[in-house]
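Morning, everyone. I'll take a few minutes on one model. Have a look at it first, then I'll walk through it.

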Amino acid sequence: NEIKLDIMKAAQFLNTDAVTALEPEVKKAHESLENGTCPGNDFLGWLHLPSSITPEILADIKATAQTLRENCEAIVVAGIGGSYLGARAVIECLKNNFEELTPRILFAGNNISEDYLSELTAYLKTRKFGIINISKSGTTTETALAFRLLRSQCEEQRGKEEARKVIVAVTDAKKGAARVTADKEGYKSYVIPDNVGGRFSVLTPVGLLPIACAGFDIEELVRGAQDMEKLCQTAPYTENPAEQYAAIRNLLYRAGKNIEILANYQPKLHYVNEWWKQLYGESEGKDNKGIFPATVDLTTDLHSMGQWIQEGERNIFETVVSVEKSKYTVLFPHDEENLDGLNFLEGKRVDEVNKMAELGTQLAHVDGGVPNIRISVPELTEYYIGQLLYFFEVACGISGNLLGVNPFNQPGVESYKKNMFALLNKPGYEAESKAIRERLNK
Ligand code: PA5
């Protein structure tokens, strides 16, 4: 069983044979990934990562997670962008909507909010906590700031020796502050391979360690990704979900649909949306090109963005991640007075109502001129989430090649950092500081 892609309700907006006709281009784009001839080919370590993960690697990650689980009431995962969103996406998908995990998994280092950090450190004051410091470069301001604060608090609360046992670094093999500190302090550490970029790193310890700390089954997650790796590598064009998804979204883009909205009907998928947005946004938005990745949580956002999607500018298409099977059963209740007129739904599974909302919305959006792609996930389990994430990664690589960009760099991310450092008078930025001040004082 696997996740399935249905592009029928998107392809109907294109010429009849458009998807078929794109096959040679898509195959070439996929082959250039496989052969390592595409732009950014020094960042292809993620492509066959799932099949390279051994039981020994997983056992080691699980052992570290166990140490943290046994010694912590809370584990703070410090990281941003690709060093953050994959772990959060998987954990939020699998955890109960309301009950806290034990130990609690908290996220930091993904903003520069003083109030966030103040409330976090206050919350941790009375709790035994550990830290997973995740940064490939080891110099990212948001993460470094959080780590400075958390590390000294952890050492203060537990003593330096004890703190060492519950601080783990996931970073570059040699360079960056996180590596130097980890080696100097003797923290357990994991390497983010040089050839795996942040947003493609969820199946490295970047994602696997926090997910294991949350108590979820990383073997199953990896098994799902491995099965999807096989499928994407071997399936013919018409049955290859990654190739089909890359094809249809590029055809729609070429037809003027330059915004893709990823939608879900399960609140637990909110952070999968966020992870996807980063993956596609950072990979494709460059050289003045790229589909703008937007996200909605439905049916919630039908009461906010629903109007825009139905009747706004017709430059959008929608991709729905649909979960086939709910974990629990809740029936629509009876009400004696029936003031809301909903007794006709009495006794029906809530999921059936949700599915009809989904189908009704799909038909309405298609009628309204919004091409609709559907990705159907059998259940929200580690195995299928592993499939889903890896599917999106391969499709992203193919899609970026089809678009003609280097999907594996992110030069644009540096611009805000340059200005911020100039404004903050970072040593070495004297000329930039002077220039930016003159510009602001004009
Ligand atoms: O995908 C990427 O490369 C980025 O989003 C990075 O993951 C993000 O900027 C964090 O970088 P680092 O891990 O170096 O702290």
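**Ligand shell, sheet and core**

The shell around the ligand divides into one nonpolar residue, ten polar and three charged. In total, 14 residues surround the ligand. The closest are Gly81, Gly82, Ser137, Thr140 and Gly198. Near here means a C-beta atom, placed from the backbone, within 6 Å of the molecule.

Two notes on the source. This is a predicted model: local features need pLDDT of at least 70, side-chain atom pairs count only at pLDDT 80 or more, and totals for chains, interfaces and linings use all residues. Numbering starts from 1 along each chain as its sequence is written.

Now the sheet. Which order do the strands take? The open sheet has five strands, E3-E2-E4-E5-E6, with parallel pairing. Pairing takes at least two DSSP bridges between two strands. E3 (104-108) and E6 stand at the edges with a single partner strand each, so one side of each has no neighbour in the sheet. The twist averages 15 degrees from one strand to the next. Helix H8 (residues 141-158) packs on the sheet and touches E2, E3, E4 and E5. Its direction makes about 155 degrees with that of E4. Contact means C-beta atoms, placed from the backbone, within 7 Å. Axes are lines fitted to C-alpha atoms, for helices over the stretch in contact, and angles run from 0 to 180 degrees between N-to-C directions.

Take strand E4, residues 129-135. Buried or exposed? Seven of its seven residues are buried. Buried means 20 or more other C-beta atoms within 10 Å of a residue's own C-beta, again placed from the backbone; exposed means 12 or fewer, partly exposed in between. Five bridges join E2 (residues 74-78) to E4, with valine 76 opposite isoleucine 131. Five bridges also join E4 to E5 (residues 167-171), and there asparagine 133 stands opposite alanine 169.

Last, the largest nonpolar core, with 123 residues. Such a core is a set of buried Ala, Val, Leu, Ile, Met, Phe, Trp, Tyr and Cys residues joined through C-beta atoms within 7 Å. Ala78, Leu209, Ile211, Ile248 and Phe391 touch the most other members. Helix H17 (residues 382-403) gives the most to this core: 14 residues.

Technical notes:
Helix = DSSP H or I, 4+ residues; strand = E, 2+ residues; numbered from the N terminus. Nonpolar A, V, L, I, M, F, W, Y, C, P; charged D, E, K, R; others polar. Contact = placed C-beta atoms within 7 Å.
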